[in-house]
Amino acid sequence: MTQLASYRLTTRTRTGTAAGLAALVLIAVGIVLPAFVSRSVIQDLFYILTMLTLAQLWNLLAGYGGLVSVGQQAFVGIGAYAMFAGVILAGWNPVFAILLGGVAALILAIPTAFFVFRLQGAYFAIGTWVIAEVTRLLVAQWKTLGGGTGTSLPREATGSILGVDAIRALFSVREAAARDILAYWLALVLVVAVTGGIYWLLRNRLGLALAAVRDNTEAAKSVGVDAGRLKWAVFLLASVATGLTGALIFLQTARISPDAAFALTDWTAYVVFIVVIGGIGTIEGPILGVIVFFILRSALADYGSWYLLSLGIIAIVVMLFAPRGLWGLISSRSGLHLFPVRRRLAGPKIEGGH
Amino acid sequence: MILVDTLVQGILLGGLYALFAAGLSLVFGIMRLVNLAHGDLIVFAAYLVLLGVSLLGLSPFVAALLAAPIMFVLGWLLQSAVLNRVLGKDILPPLLVTFGLSIAIQNGLLEAFSADSRRIPAGALEGASINLGIVTVGVMPLLTFASAIAVIVALNAIFYQTALGRAFRATSDDTVTAGLMGIEPKRIFAIATGLAMVVVTVAALYLGMRANFDPSVGPARLLYAFEAVIIGGLGSLWGTLAGGIIIGVAQTFGAAINPEWQILAGHIAFLLVLLVKPRGLFPRAVD
Amino acid sequence: MLLETRALTANYGQFRALFGVDVTVDAGECVAIIGANGAGKSTLMRSITGVLRNEPGMVLHRGESIGALSSAEVMKRGIAMVPEGRRLFPSLTVEENLLIGGQMRKAPGPWNLAAIYDLFPILRERRRNPGTALSGGQQQMVAIGRALMSNPELLLCDEISLGLAPVVIRDIYAALPKIREGGAAIVVVEQDIGKALAVADRVYCMMEGHVTLAAKAGDVTREAIHAAYFGEAA
C-alpha cells in the first residue's frame, strides 16, 4: 500500500518538456529577429502571429468550450475602434490605447453573452453573427470616427508611439519600419501570453472542467462543475484577448473602416479554417494550421478568389476525412503531444498487470 | 397614411424573407442541420436563373422552372455526398463544412461572374403597381408575398398529407426507429435538401428580379432567413412567415426613420424577440 | 431456416455484449428469448435488425448474410421490429404511426389498417390522437400494429410487457396467437418467464451475452430455467 504514494497524476511528458524548451528558444529568436530580417518579413510574421492568436482564442471557444462563434469579428472590430477612439478622441498614446481595446471588448462581451447564452448550438452561432452585424452597423454611425468610410490614425499620434524612437535608434531604421517592429514585438507578447495562458488553463482545473462540460453538461453539473459560469469565463476571456488583438492589428495598419474591422472573412472565416485545417481542440493544431494557411496564401496570392475557393474546399475535405485536422493525423500516427494536457498516472510499473 | 403604407411594405418584404427562410426551416426542422451556405445557394440559384434568361432568352419564371430540378439534384448530391457524413450529435462539423461551402460558393461565383451587380430582368413587372385604395403596392412585392404563401401551403401539404411528409416527420422524431420502418434516414435527408433547394430557386427568382445582386450578398440573406426561422420557432413554417414579417416591418420602419437604420432595425427586432422568447414565437412541442 | 445467428458477437466500443450467440427461428414458429436485464437480449435484437452492424455470416436470413444491411434493408426483407419502449413517433397520429409501418414494404398478407383496428379496437377510436397521447398499453398496441402493417414474415417483439399492468399484458399477449394465424413467425424477448413460455414453441435463455439454455418450451423444467437465468443451481 505504501507504494501507492509514489503514483501521481501528471500532464508532464518528455516530448512536452522538449517542446517547452524549443518554444523558449523560438521566443528568444523571435525577440532578436528584427535585427536580421527585412521589414516585409516582419510584416508577414506580424500577420502570422496575430492570426495565430485569434485562432488559439477561437479554438479555446469552439474546440474546448463548445462555443461555436461566428461573430468574433465583433471583438476584433470593437477593440480596434476603441483603440482609435482612445488615440483620436482622448489623445492617448496608441500603445496604451490597445488596452482600451480589451476593455471595450469586455464591455461588449457582457451583453453579448447575456443574449447568445440563451441560444443553443447553431442558434448560438447565428446569434453571435447577428451581434457582430449590429455592432458593425452601430459603429458605422459613429461619425467622429469616420462613419461608414472609416478613418486613419493622425500623423502626430503614429509619430509619437511609445518606444518607436528607441527602436529607430537601436536598429537604425525608418519610423514606419520601427512601428512595424514594435507591433511585431507586441504581437509576439500577445501570442505567447494567449497560447501560454490557454495551456496553463487547460492543465489546471479549468481544463478538466471544460472537458467535463463538453462531454456531458448534465454529468458535469452533478459533480459540481458550474457549466454556466465556466462558459461565461471562457467567453469573456476570449473576447478581451480578441479585442486586444484587434486593436494591435489596426495599430499596425493605422487605418480603419467598419467593413475592414468587422470583416467576417478576415477575422472569423480565416481563423476557423486555420483551426479546422490544423486540428480543432488542440493547442498544436492552430500553430500548424496558421503555417499551412500562410503557405497557401503565399502560393495562391496571385489567383484572387481561387485562393478562398480552395481554402473553403480544403476545410470541407479536412472536416470530412480528417475531422481532427492535420495535427490529429500526425499525433494519432506518432502519439506526439507537444502541449500535453491529458492527465496520466505516473509511477513505477505495475507488476503482473494486464 | 404613411404609417399604413410603411406597414404594408414591411409585411410584403417579410414575404421575401419568408421565402429565403422556408428552405432553411425545412432542413433545420427535419435534420437539425444548420446550413451556413443557404444564402450563397440562393445567390447561386439566382445566377442559374439569370443564365436561363440571358443565354436562352427565357422568361424568368420559365428559367426558374428549369433551374428548380437542377437545384434539386444539386441539393440531393450535396446532402448525400457531403452533409450526411457530418450529421450527428456534434453540431460543429456540419457548421464548419457549410461555412467552408459558403466561402467556396461565394468565391466560385466571383470567379465565374465577377463582382459586378446583376439583375434578372422582369420586363413589365418591374415598377408595376396596383392601387388598393389606402395604399399603392408594387406588383412584384405582392407576387413575392403570394409566392411565399403558396410555398408554405405546398410544403405543409407535403408535410402533413403525403407519405413522404410522414417519413420526414418520423425521421425528424427518431432516425433509428424510422430505419426499423424501412426508411433510410439519409435518403430522406437528401430528398429534404433537394426540396429545400427548389424553394431556394423560388427565393432566388425574387431576389434577382427585385434588386441587384452580386456574389457577396448571400450571408446577409442567410442572416435574415435565420432570424425569421428563429423568431418563428423551430419547424413551424407559418411561424417562419411571421418571423419574416417581423423582420420586414422592423426594416421598413427603421428605413422610414433613417435609411441607414434599415438593416439595424431588423437585427434589433430579432434580438428583442429573442430576449422575450428564446425558443421563438411558435415553438414545436417536441424538440 | 427463416433466421439464424451463427457465433454472433457484438460490441459497444470496448465492451463486448454478445459472445458467440447461436439462435434459429423457423418460418411460422414462436420463439421466446428470456434473460435478466443486461443479458444481451436487446443487443441481439439490434444486431438482427441492422441497428448494430456485424460481420458476414453472423446473421442469416433464408441463408443469406444480412449483417451488413441497414435496418431499412433488413425490414424490407420482411423482418419487422416492435422496439423496446414502443418508440412511437410523437409527431404522427395513431393512424399515421400505423401507416408508416407499411409504407416502405407492401407485401401481400392479412394485415392492413382495418385488420389492425379489428385486432385492437381501441385504436380505431383513438386514430386521430397523437401516438404519444395514449396510455402505455395502447401505445404498445400501436407499436405492434405498426410492425404488422408491412405483413412481415418475422415479427420481433422486444419487451412488450415491460412497465404495463398485468391486465393490459394479458390483452396484448392475447393478440399473439392471432398474429401467428396470419403466418408470421414471432420472436418474443421477455424478462417475464411465465408469459414467454405460455406462447412460445421454443425458448432460449441468455445470461451475460451467452445463450445458456435452448429447449422446447414444453420440455423445459423450472430448475433448468432458474439455473440458466441466474447462473446458479435452484
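Modeller: Start with the word contact: two residues are in contact if their C-beta atoms, placed from the backbone, lie within 7 Å. Keep in mind that this is a predicted model.

Biologist: How do you know that the span of α15 of chain A is close to the expected one?
Modeller: Helix α15 (residues 305–321) has 17 residues. The expected span is 1.5 Å times one less than the number of residues. That gives 24 Å, and the helix reaches 24 Å from its first C-alpha to its last.

Biologist: Which pair of chains has the most contacts?
Modeller: Chains A and B, among the 2 pairs that touch. Their contact takes 33 residues from chain A and 33 residues from chain B. On the chain A side, α5 (121–139), α13 and α15 each supply at least two residues. That side divides into 27 nonpolar, 4 polar and 2 charged residues.

Biologist: What about chain C, and where does chain A stand to it?
Modeller: Chain A and chain C do not touch; their nearest C-alpha atoms are 15 Å apart. Chain B does reach chain C: 17 residues of chain B are in contact with 22 residues of chain C. α6(B) gives the most to that side of chain B, with 7 residues.

Key
Residues are numbered from 1 along each chain as its sequence is written. Chains are lettered from A and ligands numbered from 1 in the order in which they are written. This is a predicted model: local features need pLDDT of at least 70, side-chain atom pairs count only at pLDDT 80 or more; totals for chains, interfaces and linings use all residues. Helices (H or I, at least four residues) and strands (E, at least two) are DSSP runs, numbered from the N terminus. Ala, Val, Leu, Ile, Met, Phe, Trp, Tyr, Cys and Pro count as nonpolar, Asp, Glu, Lys and Arg as charged, and the others, Gly among them, as polar.
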